[in-house]
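Open the model in your viewer and keep the sequence panel beside it. The stops below go from the whole chain down to single residues.

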Amino acid sequence: MKFNVYCDETLPELFTSTKAVDKRLMIGSLWIESGLNDSIKQHVKELRQKHNCWGEIKWTKVSPSKEAFYLDIIDLFFSYCQTNPKNLH
């Protein structure tokens with residue numbers, strides 16, 4: 001089975017700064033079965049159009065005006081897990 005892996009990190013300056021304030025780095029990833037990639041992209045595109053929400057999907061950008069979009073994104077990914085728990089890891 002093939003997967004597409006999407007990764008992100010917080011606080012990468014911990015590796016480069018001698019004066020970093022924070023002490024912890026977080027690295028997360030989302031593994032999507034490659035056969036679902038086009039379907040998920042299409043659903044995300046539809047949600048972006050529905051909510052007029054463009055640009056990077058970033059949790060620090062959640063605001064009252066974008067809350068419904070982010071809740072729909074969460075529901076979208078959990079719906080793939082409910083269909084088949086092996087779809088996303």
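Show the whole chain with residues coloured by accessibility. Of its 89 residues, 18% count as buried.

Colour by confidence next. The mean pLDDT of the chain is 86, and 92% of the residues reach 70 or more. Which elements mark the two ends of the confidence range? Strand β2 (residues 26-33) has the lowest mean, 87, and α1 has the highest, 95. Where pLDDT is low, the predicted coordinates should not be read in detail.

**Overall layout**

The protein chain has two helices and two strands. Read from the N terminus, the order is β-β-α-α.

Hide the side chains and keep the C-alpha trace. Along its principal axes, the trace spans about 45 × 40 × 20 Å. What is the radius of gyration of the chain? The value is 16 Å, whereas a compact globule of 89 residues would have one near 12 Å. Residues 24 or more positions apart account for 48% of them.

**The loop between the strands**

Select lysine 19. This residue sits in the loop between β1 and β2. Is lysine 19 buried or exposed? Its relative accessible area is 72%, so lysine 19 counts as exposed, the cut-off being over 50%.

Move along to valine 21. The loop between β1 (3-10) and β2 holds valine 21 too. Valine 21 is exposed, at 74% relative accessibility. Now pick leucine 11. From valine 21 to leucine 11 is ten residues in sequence and 9.8 Å in space, C-alpha to C-alpha.

**Strand β2**

Go to leucine 30, in strand β2. How accessible is leucine 30? The relative accessible area is 27%, so leucine 30 is partly exposed: the value lies between the 20% and 50% cut-offs. Leucine 30 and aspartate 8 are 22 residues apart in sequence, and their C-alpha atoms are 9.0 Å apart.

**Asparagine 37**

Select asparagine 37, in helix α1. Why does asparagine 37 count as buried? Its relative accessibility is 13%, and buried means under 20%, so asparagine 37 qualifies. Show the surroundings. Leaving out residues up to four places away in sequence, asparagine 37 touches Asn4, Tyr6 and Ile32. Zoom in on asparagine 4. A polar contact of 3.4 Å joins the side chains of asparagine 37 and asparagine 4.

**The nonpolar core**

Which residues form the largest nonpolar core? Select these twelve: Ile32, Leu36, Ile40, Val44, Leu47, Cys53, Phe69, Tyr70, Ile73, Leu76, Phe77 and Tyr80. Two elements give two or more residues each: α1 (37-51) and α2 (67-83). The largest share, six residues, comes from α2.

Centre on phenylalanine 69, in helix α2. The relative accessible area of phenylalanine 69 is 1%, under the 20% cut-off, so the residue is buried. Show what surrounds it. Not counting residues up to four places away in sequence, phenylalanine 69 touches Leu47, Arg48, His51, Cys53 and Ile57. Then look across to aspartate 22. That residue is 47 positions from phenylalanine 69 in sequence and 30 Å away, C-alpha to C-alpha.

Step to isoleucine 73, another core residue. Which residues does isoleucine 73 contact, apart from its neighbours within four places in sequence? They are Val44, Leu47 and Ile57.

**Last stop: asparagine 52**

Select asparagine 52, in the loop between α1 and α2. Check the backbone torsions. Asparagine 52 has a positive phi of about 50 degrees, although this residue is not a glycine. Most residues other than glycine have a negative phi. Finish with the surface on. Asparagine 52 has a relative accessible area of 52%, which is over 50%, so the residue counts as exposed.

Definitions and conventions: Residues are numbered from 1 along each chain as its sequence is written. This is a predicted model: local features need pLDDT of at least 70, side-chain atom pairs count only at pLDDT 80 or more; totals for chains, interfaces and linings use all residues. Side-chain values use heavy atoms; hydrogens and water are left out. A nonpolar core is a set of buried Ala, Val, Leu, Ile, Met, Phe, Trp, Tyr and Cys residues joined through side-chain atoms within 4.5 Å. Buried means under 20% relative accessible area, exposed over 50%, partly exposed in between (1.4 Å probe, protein chains only). Helices (H or I, at least four residues) and strands (E, at least two) are DSSP runs, numbered from the N terminus. Contact means heavy atoms within 4.5 Å. pLDDT is the predictor's confidence in each residue, from 0 to 100. A polar contact is a pair of N or O atoms within 3.5 Å; within protein, one must be able to donate a hydrogen and the other to accept it, and residues adjacent in sequence count only if both atoms are side-chain atoms. The radius of gyration is taken over C-alpha atoms; the globule rule is 2.2 Å times the number of residues to the power 0.38.
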